[in-house]
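Here are a few friendly notes to read alongside the model. Please keep the structure open as you go through them.

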Amino acid sequence: MTSDPHNEPIFGTNGIRGIPNSDLSVEFSQEIGKAIGTFYGKVTVAMGRDTRDTGNMIFNAVSSGLMSAGTSVIDLGILPTPAVQFYCRTKGIFGVVITASHNPPQFNGIKCIADDGTELRREDEEKIEKIYYKKAYEAVSWEHAGSLKNDPTSLDLYIEGIMSHVDVEKIRKNQYRVLIDSGNGASYFTTPNLLRRLGCKVVSLNAYPDGKFTSRTSEPRPENLKDLITLMKSGTFNLGVAHDGDADRAVFIDENGNFIDGDKTLCLVVKSVIKPGSKVVTPISSSDAIDEICANGKAQLIRTRVGAPIVSRTMIDNKAMIGGEENGGIIYGEHQYCRDGAMTVALILNLMAEINRKVSELISGLPQFFIHKLSVERKKDWKTLEPAILSYSSSKKVDKSDGLKVYLDDGWVLMRPSGTEPIIRIYGQSRDEKIARNLALEYEAFILGLQE
Ligand code: MG
């Protein structure tokens, strides 16, 4: 990334990711800051970061680059990515977030936010890349260098924005007992704050910033949430919540200690907000349950390639009210067109209060589909693996819009190379949990065999 001479894309599906002082150097961060500043111009932009140890280092390098190009920076400090996005959307300004989302602690990243709060469009990222490769940086004279200031109102702005979309009084009446595991990430003070303002009795786990994520891995998978699940099994709480590192995603544990798959959360939220004629956007990786829910609710479902920015843009283009992914990333268009973990928490509590049901009851009322997810190391180029997988699946219908989605009699398998890591993600989906798992395992074994 630091000395790539080939004019290759610098921004991946979720911005720039790398290991600071390895493939994400301070020098590169400052130069890309200069390029971003040259593109943004002599305006004021917002910047935030998650709790990673290298956050300040990368933040300072990027912000000094921005200021040297004449761009002023509002430092929002540690804040969930969606809170920075909401700030940008509300103020109509561009932004930069220093985060590597759910990646391990050695990683960090640089993500650009458009003035409508969504991830910057690819064509604008390309303009920044062009400036970077040509070293065509704006370098203003000293009296026009950008300034840096803070804005302590960003937290209230975000929390109040979320609360405006739910029936606060109805939620407060229930005095829900909620256990929240922030995983030492950026939500450590935001979601507990929201929950208290919604009248919940809040118990927090790992609610302090720790950039090494020593309490748990920042990816909110069931195997990383053992403490939360064990405590939920005590039967003391109505709802368990966990976020990833930058809190654009939320996953839930029911009142009995059962992990709720992100696909089911998506279905629940979609089912609760759609009206006839509503538009819903989701990638090809989420289950067929959402097709049934949309058909029953007379809503139109639009499927996209995998990736939150693609879902966001498709929602904007189609004026869709709700969208999201099977990993717990839910986008509520009435609030903002990006994934927002805390907004998802508020929507689930709103639904519980509105129809007076426990979470487990809400989940059991959904069409039953299962997704089994695996990932394998990608040792060979995807393009060389694709034909072999296709011929292995030759008798089946295949969707090639993003990786390969192979339809079988009792479900489907989706295989795609990750945009952020050297792995291939495999999703097996079926009405039967065991079949979903077996489908994923079968194709995992086949792909492993191809790479031996
Ligand atoms: Mg994230």
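This is a predicted model: local features need pLDDT of at least 70, side-chain atom pairs count only at pLDDT 80 or more; totals for chains, interfaces and linings use all residues.

1. A polar contact here is a pair of N or O atoms within 3.5 Å; within protein, one must be able to donate a hydrogen and the other to accept it, and residues adjacent in sequence count only if both atoms are side-chain atoms. By that rule, six residue pairs are in polar contact across the interface of domain 2 and domain 3 (both at pLDDT 80 or more).

2. Residues are numbered from 1 along each chain as its sequence is written, and side-chain values use heavy atoms, with hydrogens and water left out.

3. The domain assignment, automatic or from a database, gives domain 1 (16-152), domain 2 (157-364) and domain 3 (370-450). The C-alpha centres of domain 2 and domain 3 are 27 Å apart.

4. Between domain 2 and domain 3 there are two salt bridges (a side-chain nitrogen of Lys or Arg within 4 Å of a carboxyl oxygen of Asp or Glu). Separately, the side chains of E326 and K373 form a salt bridge, at 2.6 Å from N to O.
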